[in-house]
Amino acid sequence: MTTTTTARKADRDACGPPGVESFEELIDRHGPEVHRFLVNLTRNPAEADDLYQDAALKAFRAFGRLDRKANHRAWFFRIAGNAFLSDRRKHGRVDRLDELATAAIPAPTDDAAARLDAGEALARIGPMIDRLPPKQRMAMIARKQHDLGYSEIARLLGCSEAAARANVHEAVRKLRDGLGELLA
Amino acid sequence: MNHPGIDPVDRLAARASGPGAHPCDRALAAMPARVLGDLDPGDAAWLLDHVATCRSCGRELEAFMKLDTLVGLALELGEAPAPAVRLPRTRPVAWFARCDSPIGPLLMAASENGLCELTFEGFRGVDEVRDLLAERDFDARPAGPETPAVPSATLVRAAEQLAEYFDHTRTRFDLPLDFQGVTPFTRSVLDATASVPFGRLETYRGIASRIGKPGASRAVGNALGRNPLPVVVPCHRVVATGGGIGGYTGGLAIKERLLSLEGARLA
């Protein structure tokens with residue numbers, strides 16, 4: 001018993017974090033944060049629940065074909081990210097969102113804006129995040145809230161690592177510009 | 001200064017950090033990376049030095065740090081527990097096969113749990129039986145070489161016992177039965193019916209009182225009409241109160257045949 005535990009621990013230390021053995025384990029271990037990722041992406045719990053169900057089902061169907069040594073966490077995030085993007089495409093929201101996002105987000109101009117408190121900034125930032133292009137939003141959220149590496153984000157977006165980094169930086173810069181004096 | 005951490009695609013940053021760039025431009029370009037925690041240590045130190053001496057860049061960095069907090073707050077506001085994942089249930093397979101009998105060809109189906117369907121083929125064809133099984137959430141497949149041992153053995157035993165029954169050498173069936181997809185009421189009616197012995201009769205009203213629902217004779221009749229295992233669960237032994245033969249799914253001729261085979265006499 002002890003020998004087995006020690007052996008397994010040594011094994012784990014040698015190969016990094018242990019792979020996920022079963023679909024149930026995948027859900028136990030990574031389900032909550034992947035769900036949180038979708039809540040963050042959609043900022044709409046009901047929509048997030050649907051996408052999560054979708055993603056979990058896709059993961060379930062593909063689980064058997066996945067290499068046991070694969071990075072299950074990143075893989076599950078990728079499935080969730082794709083569910084989110086394909087949902088946006090299906091509902092024809094991508095173009096509109098991209099259009100909105102390329103139009104400069106207007107900064108508050110009058111002096112009164114400077115007096116607005118953090119509550120106002122908080123009320124504004126949500127919709128601003130929603131207006132970021134879906135891929136940019138996803139990249140920023142993956143990096144900031146879920147600590148995914150740029151190589152993982154690159155695979156999530158289907159772009160180079162350099163482009164992934166640029167996307168995240170660009171998203172942060174847009175939000176900063178959008179809030180203008182509210183952050184002063 | 002060399003910038004291994006800054007990406008060529010991030011052109012603004014690259015330009016701002018190039019030789020001859022204004023230090024404030026370079027500081028501004030580095031701020032998103034600072035917020036995201038991916039500025040390399042050398043650049044981070046330089047940025048801190050710069051904001052210590054430049055008030056406007058200091059204010060801007062503060063604004064970025066506030067932004068960092070706000071993004072965190074805006075996103076984590078919507079936190080909710082992950083819902084349980086609903087997986088598609090794998091339906092149990094019902095293997096079906098045909099067997100001949102003196103009352104015409106029978107279609108039988110068996111799952112791992114037991115015999116789940118028996119139908120007079122003259123009354124319901126294969127397609128209808130498949131539909132019935134699908135309604136009971138079975139995956140209906142024709143029995144063949146790939147049928148596992150347990151359902152296969154059940155089908156063989158059922159065919160043997162039916163042959164013995166029609167040959168007057170068997171009065172009770174000894175088979176595992178699978179009532180998946182049968183409603184609880186129908187199930188209780190079938191259980192009560194199963195205890196009516198060979199050659200004896202019971203009335204719809206009698207079955208209704210046996211299950212503690214004396215007023216439910218009509219419902220009992222309807223439930224027996226949905227008996228998935230006629231002959232084996234002897235619904236043919238249940239008749240009308242006034243001495244009438246009642247109904248039979250599969251045709252009254254079969255009911256009469258079965259009753260005369262058992263030597264049962266209507267009052």
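Colleague: How do strand β1 and strand β2 of chain B run, parallel or antiparallel, and how many bridges join them?

Modeller: Strand β1 (residues 93–99) and strand β2 (residues 106–110) of chain B run antiparallel and are joined by 5 bridges. Helices (H or I, at least four residues) and strands (E, at least two) are DSSP runs, numbered from the N terminus. Two strands pair if DSSP finds at least two bridges between them. Please note that this is a predicted model, in which local features need pLDDT of at least 70 and side-chain atom pairs count only at pLDDT 80 or more, while totals for chains, interfaces and linings use all residues. Residues are numbered from 1 along each chain as its sequence is written, chains are lettered from A and ligands numbered from 1 in the order in which they are written, and side-chain values use heavy atoms, with hydrogens and water left out.

Colleague: Which residues are the bridge partners of B:C99 and B:A97?

Modeller: B:C99 has B:L106 in β2(B) as its bridge partner, and B:A97 has B:M108 in β2(B).

Colleague: And what about the hairpin of β1(B) and β2(B): how many residues are between the strands?

Modeller: There are 6 residues between the strands of that hairpin, and B:G104 takes a positive phi near 105° there.

Colleague: What is the order of the strands in the open sheet of chain B?

Modeller: The order is β3-β2-β1-β4, with 4 strands in the open sheet and mixed pairing. At the edges stand β3 (115–120) and β4 (139–142) of chain B; each has a single partner strand, so one side of each is left without a neighbour in the sheet. From one strand to the next, the twist averages 25°. As background, strands of a sheet pair through backbone hydrogen bonds, either parallel or antiparallel.

Colleague: How do β1(B) and β4(B) run, parallel or antiparallel?

Modeller: They run parallel, and 4 bridges join them. In this pairing, B:F96 stands opposite B:P142 in β4(B).

Colleague: How many of the 7 residues of β1(B) are buried?

Modeller: The count is 5 of the 7, so β1(B) is largely enclosed by the rest of the structure. Buried means under 20% relative accessible area, exposed over 50%, and partly exposed in between (1.4 Å probe, protein chains only).

Colleague: Changing topic: where does A:H146 lie, and which residues does A:H146 touch?

Modeller: A:H146 lies in the loop between α8 (134–144) and α9 (150–157) of chain A. A:H146 is buried, with a relative accessible area of 3%. Leaving out residues up to four places away in sequence, A:H146 touches A:E33, A:R36, A:F37, A:N40, A:R73, A:F77 and A:I141. Contact means heavy atoms within 4.5 Å.

Colleague: Now the two chains together: how many residues of chain B are in contact with chain A?

Modeller: In chain B, 35 residues are in contact with 43 residues of chain A. The two chains bury about 3400 Å² between them, 67% of it on carbon and sulfur atoms. Buried area is the accessible area (1.4 Å probe) that two parts lose on being put together, summed over both.

Colleague: Which residues in chain B lose the most area to chain A?

Modeller: They are B:L36, B:L70 and B:L75, together 18% of what that side buries.

Colleague: What is the count of salt bridges between chain B and chain A?

Modeller: The count is 4, a salt bridge being a side-chain nitrogen of Lys or Arg within 4 Å of a carboxyl oxygen of Asp or Glu. In one salt bridge, the side chains of A:R143 and B:D38 meet at 3.2 Å, N to O. A network of salt bridges links A:R143, A:R165 and B:D38.

Colleague: What is the count of salt bridges over all chains?

Modeller: That count comes to 20. In chain A, the side chains of A:E170 and A:R173 meet in a salt bridge (3.9 Å, N to O). Both lie in helix α10 (residues 161–179) of chain A, 3 residues apart, about one turn of the helix. A:E170 is partly exposed at 31% relative accessible area, whereas A:R173 is buried at 12%.

Colleague: And in chain B, which residue forms a salt bridge with B:E164?

Modeller: The partner is B:R170, with the closest N and O atoms 2.7 Å apart. B:E164 is partly exposed, with a relative accessible area of 29%.

Methods. Axes fitted to C-alpha atoms, helices over the stretch in contact; angles between N-to-C directions.
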